[in-house]
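Hello,

Here is the structure I promised to pass on. Please open it before you read the notes.

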Amino acid sequence: FLNNWFDKNTDHYVEEIIKSQLGTHLDQHSLYKMLTLDRKIKFFKKITAVCISRNLRGFTAGSFMLGRFLCQKHPVDFWKRMEIHEIGFLLNESILFEKYLQVINDVGERKLNRARKRILDYGLDKIHLNIANAKIFVTLKLIFSNWEELIKSLPEFYADETEELITLLKKPYGEIYDYNLQWSINELVEICEEEGLEMPSAQDS
């Protein structure tokens, strides 16, 4: 039912996501997860184009909703169908969502009005990234290698941490997963099996 509705109301859905408010993340994410992969791709391509044309991002692009959607792993086919400027935009949205989570952690999850005021008055603080941030996008890493070009394509207004995230993704797999510990690489093994891809070596990047 939801997928049929999306097909008939794609533009409306995009506009509704852009107008989303803080506090609606869980409901919207639950609905997004029900979309088929083709529809998720169509949604992100359409909303990325709209946001770039209107200069919307983070708080103004649906109250960090796009980053919320991206906190779940998307399959290789999702990233294969994204253009380099779309990838840059989406990675930046994931960073802005992480910055929003830091605000929520500081002010309290239930104090959304205080979070909104803090974001509008003071902006978003710098955050520290780690390997866990890179693992979310390992399916992108498995099929993408043009990292330097991606960094060059980032406009000036992108968060500094977006380039830091790309730098993490450039690292050899052995620096993201411990190949000496089976439990560490199980996730990567499962992803490669699901995607029908050869398991990269620890030295591959």
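Below are notes on a cavity, a pocket and some salt bridges.

Keep in mind that this is a predicted model.

Start with the inside. A search of the whole structure gives one cavity of 30 Å³ or more. Helices H5 (65-70) and H7 (84-107) each give two or more residues to the lining. H7 supplies the largest share, four residues. By type, the lining has seven nonpolar residues, three polar and one charged. Among them are Gly67, Phe97, Glu98 and Leu165.

Next, the second largest pocket. Its volume is about 180 Å³. It is lined by 13 residues, and Arg57, Gly58, Leu96, Leu124 and Phe157 are the closest to its centre. Eight lining residues are nonpolar, four are polar and one is charged.

Now the salt bridges. The search finds twelve.

- Glu187 pairs with Lys73, with the closest N and O atoms 2.4 Å apart. Glu187 lies in helix H14 and Lys73 in the loop between H5 and H6, so the pair ties together parts 114 residues apart in sequence.
- Lys126 meets Glu164 at 2.8 Å, N to O. Lys126 sits in the loop between H8 and H9 and Glu164 in H12, so this pair links parts 38 residues apart in sequence. Lys126 is exposed, at 52% relative accessibility.
- Glu148 meets Lys170 at 2.4 Å, N to O. This pair ties H11 to H12, across 22 residues in sequence. Shared partners also join Lys99, Lys126, Glu161 and Glu164 into one salt-bridge network.

Best wishes

Methods
Residues are numbered from 1 along each chain as its sequence is written. This is a predicted model: local features need pLDDT of at least 70, side-chain atom pairs count only at pLDDT 80 or more; totals for chains, interfaces and linings use all residues. Side-chain values use heavy atoms; hydrogens and water are left out. On a 1 Å grid over the protein atoms alone, a cavity is a set of points where a 1.4 Å probe fits but cannot get out, and a pocket is an open set with protein on both sides within 12 Å along at least five of seven lines; lining residues have an atom within 4 Å of a point. Grid points are joined across faces, edges and corners, and a volume is the space filled by probe spheres set on the points. Ala, Val, Leu, Ile, Met, Phe, Trp, Tyr, Cys and Pro count as nonpolar, Asp, Glu, Lys and Arg as charged, and the others, Gly among them, as polar. A salt bridge is a side-chain nitrogen of Lys or Arg within 4 Å of a carboxyl oxygen of Asp or Glu. Buried means under 20% relative accessible area, exposed over 50%, partly exposed in between (1.4 Å probe, protein chains only).
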